[in-house]
Amino acid sequence: MIILNAADAAALAEVHASSMQSPWSAEEFARLLASPGCVALGKLVGEALGGFVLLRAAADEAEILTLAVIPACRSEGVGMALVEAAIGEAGRRGAATMFLEVAENNAPALALYARAGFAAVSRRARYYGGKTDAMVLRRAVDGRCVAV
Ligand SMILES: CC(C)(COP(=O)(O)OP(=O)(O)OC[C@H]1O[C@@H](n2cnc3c(N)ncnc32)[C@H](O)[C@@H]1OP(=O)(O)O)[C@@H](O)C(=O)NCCC(=O)NCCS
């Protein structure tokens, strides 16, 4: 796992575009990486970026802002490794709780997050494109407590 910085913004945008219906631009990634508490962790496949997770930690809370694995590298454990790395990084930054939002119809991501110990705490109606609800998920960063 590597820590990515603003120089990697184009690679982040490329992986994001391979995985998301509404991809973020390289400029957006550069801006996010420059904002307080944000960090991106990536997994290299050969010399290319195979996947990444972007998180933000502030005070005792952290949030996964986005997570993506390129289609060619899916179902090989990369997504889970990224989520576990994000939880570890959040803990090192002092977070006690981690949150994220995921579309209610994103079965692969919901399954991954459930396996990683996240539990639903609320729902945001028509959060994505004015149509699809978002599930807000949460877990304790402290590994001794899987669900909060
Ligand atoms: C969601 C995503 C990151 C998963 O990455 P991945 O590297 O394929 O995931 P892993 O191989 O680590 O899988 C871990 C677990 O997630 C679940 N999972 C992953 N892909 C799945 C699928 N297609 N269907 C059902 N469950 C799936 C499984 O529980 C899996 O554990 P298992 O293999 O032991 O059954 C990837 O599919 C992706 O980039 N999707 C598009 C972007 C996205 O939806 N991001 C999340 C937005 S919040």
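Reader: In strand 7, which residue is the bridge partner of Ala103?
Author: The partner is Ala134. The model is a predicted one: local features need pLDDT of at least 70, side-chain atom pairs count only at pLDDT 80 or more, and totals for chains, interfaces and linings use all residues. Numbering starts from 1 along each chain, as its sequence is written.

Reader: What makes strand 5 and strand 7 a pair?
Author: Two strands pair if DSSP finds at least two bridges between them. Strand 5 (residues 97-103) and strand 7 (residues 132-140) share 7 bridges. They therefore qualify as a pair. The sense is antiparallel.

Reader: What makes a stretch a strand or a helix?
Author: Both are DSSP runs, numbered from the N terminus: a helix is H or I with at least four residues, a strand is E with at least two. On that basis the protein has 4 helices and 7 strands. Their order from the N terminus is β-α-α-β-β-β-α-β-α-β-β.

Reader: What joins strand 1 to strand 2, and in which sense do they run?
Author: There are 3 bridges, and the strands run antiparallel. Ile2 has Gly42 in strand 2 as its bridge partner. Strand 2 is also joined to strand 3 by 8 bridges, again antiparallel. The hairpin of strand 2 and strand 3 has 2 residues between the strands, and Gly46 takes a positive phi near 65°.

Reader: Why is His16 called buried?
Author: A residue is buried if 20 or more other C-beta atoms, placed from the backbone, lie within 10 Å of its own; 12 or fewer makes it exposed, and anything in between partly exposed. His16 has 22 such neighbours, so it counts as buried. His16 sits in helix 1. Leaving aside residues up to four places away in sequence, His16 touches Pro23, Trp24, Thr66 and Ala68.

Reader: What makes strand 6 hardly covered?
Author: Strand 6 has 10 residues, and the count of buried ones is 0. Strand 6 pairs with strand 7 in the antiparallel sense over 6 bridges.

Reader: Which class does Arg126 fall in, buried or exposed?
Author: Exposed: Arg126 has 10 other C-beta atoms within 10 Å. It lies in strand 6. Its phi is positive, about 50°, although Arg126 is not a glycine. Ser75 is not a glycine either, and has a positive phi of about 60°. Ser75 is in the loop between strand 4 and helix 3. With 9 C-beta neighbours inside 10 Å, Ser75 counts as exposed.

Reader: How many residues surround the ligand, and which are the closest?
Author: There are 20, and the closest are Arg74, Gly79, Met80, Pro108 and Leu112. The test for a nearby residue is a C-beta atom, placed from the backbone, within 6 Å of the molecule or strand. Strand 4 (61-69), helix 3 (78-92) and helix 4 (107-115) each supply at least two residues of this shell. Helix 4 gives the largest share, 6 residues.

Reader: How do the residues of the shell around the ligand divide?
Author: The shell has 12 nonpolar, 5 polar and 3 charged residues. Nonpolar covers Ala, Val, Leu, Ile, Met, Phe, Trp, Tyr, Cys and Pro; charged covers Asp, Glu, Lys and Arg; the others, Gly among them, are polar.

Reader: What radius of gyration does the protein have, against that of a compact globule?
Author: The rule is 2.2 Å times the number of residues to the power 0.38, and the radius is taken over C-alpha atoms. For 148 residues a compact globule would come near 15 Å; the protein has 14 Å, which agrees.

Note on methods: Contact = placed C-beta atoms within 7 Å.
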